[in-house]
Amino acid sequence: RIIFLGYSTLNHTESENALNAGVVMDCFKQLSWGKGLWQLWHIFLNNNNPLMQAIIFNVPVASVFGLNEISIRLNAVIGGFFSLLFAYLLIKRHADASTALFTLALLAFNPFLIAFNRFGHTDSLQAAVLLAGLLSIDKFVFNSKPKYGFLILSSFLFSIAFLLKYNAAVM
């Protein structure tokens, strides 16, 4: 999933995410923390939330690796890895290990999912967070003695997954 990640040029949305990450990085270099947050809150003309634009993921990665194709697409690769991990753990809870490994192999070598996890959007992260929420609610429901921490965690994860979608505007 990570081989030749920077091979192709960025598409429109990926370059928009890179521009937003660059603006955030410049803003915090020139202003104090409080003034920088105030400027960032008012700088984007569209009212999209910062999670949707992957700012919270792209800025730290771009600070370490530089602002390039790989750093913008790395969040999708990380989301794809955790999607595979959470899908494996979820299937393993309800089936045997060989079925979970077979599912993992099918998902890991699916050409659509490989391409999906190399595209610099937050959809791959959203899938990982949704699967983590499903795993958490599964641990709550199928536990002999329900632990309400799993219910609270799943609520939090589903909320984050909703905010990662492009049309979930924070008002």
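1. A quick definition before we start: contact here means heavy atoms within 4.5 Å. Keep in mind, too, that this is a predicted model.

2. Let's begin with helix α3, which covers residues 55–65. Its buried residues are Ile55, Asn58, Val59, Val61 and Ala62, and they pack against α1 (12–30) and α4. An α-helix has 3.6 residues a turn, so residues three or four places apart point the same way. Just past the end of α3, have a look at Gly66, where phi is positive at about 90 degrees.

3. Now for the charged pairs: the structure has two salt bridges. One of them joins the side chains of Glu14 and Arg73, at 3.0 Å from N to O. This pair ties together distant parts of the chain, with Glu14 in helix α1 and Arg73 in helix α4, 59 residues apart. Both Glu14 and Arg73 are buried.

4. Arg93 and Asp138 also meet through their side chains in a salt bridge, at 2.5 Å from N to O. Here Arg93 sits in helix α4 and Asp138 in helix α7 (residues 123–141), so distant parts of the chain, 45 residues apart, are linked. Asp138 counts as buried because its relative accessibility is 6%, under the 20% cut-off. Arg93, at 37%, counts as partly exposed.

5. Last, the surface: Ile78, Phe81, Phe82, Leu85 and Leu89 make up a nonpolar patch, with about 410 Å² of accessible area together. Leu85, one of these residues, belongs to helix α4 (residues 69–94). Leu85 is partly exposed because its relative accessible area is 33%, which falls between the 20% and 50% cut-offs.

Definitions and conventions
Residues are numbered from 1 along each chain as its sequence is written. This is a predicted model: local features need pLDDT of at least 70, side-chain atom pairs count only at pLDDT 80 or more; totals for chains, interfaces and linings use all residues. Side-chain values use heavy atoms; hydrogens and water are left out. Patches are made of residues with over 30% relative accessible area and no salt bridge: like charges are joined within 9 Å, nonpolar side chains (Val, Leu, Ile, Met, Phe, Trp, Tyr) within 5 Å. Accessible areas come from the Shrake-Rupley method with a 1.4 Å probe; for residues, only the protein chains shown count as cover. A salt bridge is a side-chain nitrogen of Lys or Arg within 4 Å of a carboxyl oxygen of Asp or Glu. Helices (H or I, at least four residues) and strands (E, at least two) are DSSP runs, numbered from the N terminus. Buried means under 20% relative accessible area, exposed over 50%, partly exposed in between (1.4 Å probe, protein chains only).
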